[in-house]
Amino acid sequence: MIEQVCITILPEREKDQSFIQNELIKALEKKALGSKELASAIKGALGGKALASLQTKAPGGKEASGLQTRAPGEKTASGLQTNALGEKAAFSLQTCAHGEKAASSLQTRAPGEKAASGLQTGTHGEKAASSLQTDTAVAKTAFSLSAGTTAEENISFVFSKKSLDARHGKAKFVMRYDVYIGEEAPSQEDLLPQWKSVKGSKCKSVLVVGSGPAGLFGALKLLEGGIKPIIIERGSDTKTRKVDIAKISTRGLLDSDSNYCFGEGGAGTFSDGKLFTRSNKRGNVGQVLRIFNHFGADASILTDAHPHIGTDKLPYIINAMRAKIIELGGEFHFNTRCTGFITSGKNSVDGIKTLNTKSGEEKDFFADAVLLATGHSAGDIYELLAKTAPQALEAKTFAAGVRIEHPRATIDAIQFHGRKMPNAAEYSLTSQQTGSSKTGNAASYGKEDERGVYTFCMCPGGFVVPSATESGTIVVNGMSAAKRNSNWSNSAVVVETRPEDIPEKFKEMAKKNGCPALAGLYFRSSIEREAFLQANTGSSGYPISGGNSTGSDENSMEGQKAPAQLLEDFLSHKKSPQEKLPKTSYFPGITSSRLDQWLPDQIARRMEKAFKEFNKKMKGFICGEALLIAPETRTSTPVRILRDRESYECCALKKLYPAGEGSGYSGGIVSSAMDGINACSKIMERI
Ligand SMILES: Cc1cc2nc3c(=O)[nH]c(=O)nc-3n(C[C@H](O)[C@H](O)[C@H](O)COP(=O)(O)OP(=O)(O)OC[C@H]3O[C@@H](n4cnc5c(N)ncnc54)[C@H](O)[C@@H]3O)c2cc1C
């Protein structure tokens, strides 16, 4: 029998294992009072003994009748850890290279210390035992009650979710546990997929275009079915990409193939790595988290209500995934941009044309199917499809706006009501606003004019980053490191933009180019280009180099300064004096600009109203230090690549499987990963 119990504890009690165990037992007892079935299951599992009788036994007894501590998802260990209350000693389960449990011993170590065994390196091919050792706080609060002789007679409490409740009074942690009564809890390792080696075998192959979450998780799925993934990625590996990204921030130089959005791991690599998704129905969220954990993400992502990895850790996890795929016989081709589809017969895609962006070499690749996982920044892919099969594309609602940055202390003070908390505070705000510029008459705005204005991708203790993919444009986004400890907290504030909201001139342009679905893409680009001109144009009227660049050509399209305005000035429609702009985390630099004036009216007017509403929900949100940096245009794609609901195959091109954020069917790391997995499951059924 599986039950759930939930306890609420003060943060200072988080590491008090004995207290937590007692609270859990009390919670289970309370639940059993209301359920005869549960009460009898507990009795059965404990050989007739009552929970209370076990509770009184001292933890750490070596016989099987005391409290047994274990890591979440791990089978009950055969030995017991001695953990004197209040002492510094923590524990880790000692496992051998292939995830088998060591016969009887448990290793003791101080919290935060590295484990003595070599398991923390998480060598590829080994089952990851490292996750058990990285989060002792989590492991310490999972335990089993054992009174009988077999594992099936145990009651196991497995930590499943932790969230922070900071609404009233003192902030508390809400901790949920799965309770396995009379049955063994599954181990993390049992739940992981089994990947097959395709090395040297004559097997089917699939071209995976794009190595973002959709591409990488899709490639791993293909390996489950013994299909070889051939990954084609326009950008560089993470090591080279880091250098390219540094050039954007320090010299305003943008490589259109290797940047914050393009390169190994996709847009997710140098991101916050927030793994929270509401798309639970689209797939197995737990499986995506387990795979991230297997490749090196902290075990806390398995239990945190709002899990996040951090930009400092993500590249290593992505590298571990690549190493595994290669070890099993998959291929990676970096700096290789897909430039065309090779079609035959009835619009069937047999392969792709590519260009090596470093050597200039052109090469054709062929396979049994193509997974198109190029993300929503790949405008060239939409243009390519518009030429090959315009009927494959459909205009879709997207969102555009700005990033707002506050000092972290301001947001923490608002959210935690002045209380000191270990984490940087998060927020999420939504509203519906009218503001169409069509009528220009506020009184006539009706329900049909309402659009969502909402915060998105909030980065507590984070940074605003330059995430354009073309020179001569500015796009901002946000990220944070694992510790979320920068001096700022930022979030996107974006306005829902429907196909009918696109200004006529872009619709005309798209029609003229033979694909009306591209209107939103043109609108998006126009905002990004205007932002560049606003922030990187000198008095000569020519674009100048920005950031800390030195010696660049006056007429070059370099420069990644972003246009910015104080929120208070945005609301009172005036320019912020450049010298009054606050210190920002946006490294390339900011230029004072009238965002209220040049951002499309339908966006600016609605944001204005929304900010005032947000300030009622979060008093102090509008303040002298709040800074708007523009534009945030890449929260979702303005174009959908139509695919069959059941087969995931592109409606207009056979053997082409659009997946991930660029397809328009997912958004964010986890949902894109699940979409890649789902698409590849369909490919596996068909080839
Ligand atoms: C700075 C930043 C922070 C973010 N933070 C978060 C977050 O905290 N949480 C979250 O859930 N989401 C976040 N996102 C969004 C998230 O990264 C995306 O939703 C996710 O990466 C989409 O996955 P994908 O695989 O569909 O596409 P992408 O990750 O965009 O990957 C597409 C890949 O295709 C490659 N490609 C494109 N065109 C071609 C071509 N012609 N030929 C070959 N390869 C090509 C690209 O180089 C890229 O590697 C963030 C995004 C950014 C930019």
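A residue is buried if 20 or more other C-beta atoms lie within 10 Å of its own, exposed if 12 or fewer, and partly exposed in between, with C-beta atoms placed from the backbone. The model is predicted: local features need pLDDT of at least 70, side-chain atom pairs count only at pLDDT 80 or more, and totals for chains, interfaces and linings use all residues. Residues are numbered from 1 along each chain as its sequence is written.

H7 is mostly covered, with 11 of its 12 residues buried. Among them are Pro-213, Leu-216, Phe-217, Lys-221 and Leu-223. Just after H7, Gly-226 takes a positive phi of about 70°.

H9 (residues 285–294) is also mostly covered: eight of its 10 residues are buried. They include Val-285, Arg-290, Phe-292 and His-294. Just after H9, Gly-296 has a positive phi of about 125°.

H7 also takes part in the ligand shell. Of the 43 residues around the ligand, Gly-210, Gly-212, Gly-266, Gly-375 and Gly-660 come nearest. Two or more residues each come from helix H7 (213–224), strand E11 (336–344), helix H11 (379–388), strand E20 (476–479) and H18. H7 gives the most, with three residues. By class, the shell has 16 nonpolar, 20 polar and seven charged residues. Ala, Val, Leu, Ile, Met, Phe, Trp, Tyr, Cys and Pro count as nonpolar, Asp, Glu, Lys and Arg as charged, and the others, Gly among them, as polar. Domain 2 (205–379 + 641–686) and domain 3 (398–632) each supply at least three shell residues. These domain bounds come from an automatic or database domain assignment.

The nonpolar cores come next. Such a core is a set of buried Ala, Val, Leu, Ile, Met, Phe, Trp, Tyr and Cys residues joined through C-beta atoms within 7 Å. In the largest, of 137 residues, Val-370, Leu-371, Ile-629 and Tyr-657 touch the most other members. Helix H18 (residues 669–686) gives the most to this core, with eight residues. Apart from this core lies another, of 20 residues, including Ile-42, Val-158, Met-175 and Tyr-177.

Tyr-180 sits in strand E7 (residues 172–181). Tyr-180 counts as buried because it has 22 C-beta neighbours inside 10 Å. Leaving aside neighbours within four places in sequence, Tyr-180 is in contact (C-beta atoms, placed from the backbone, within 7 Å) with Ile-2, Ile-155, Ser-156, Val-158 and Ala-185. Tyr-180 and Ile-42 are 138 residues apart in sequence and 9.8 Å apart in space, C-alpha to C-alpha.

Over the protein chain, there are 18 helices and 26 strands. Buried residues make up 51% of its 687 residues.

Notes: Helix = DSSP H or I, 4+ residues; strand = E, 2+ residues; numbered from the N terminus. Near = placed C-beta within 6 Å. Contact = placed C-beta atoms within 7 Å.
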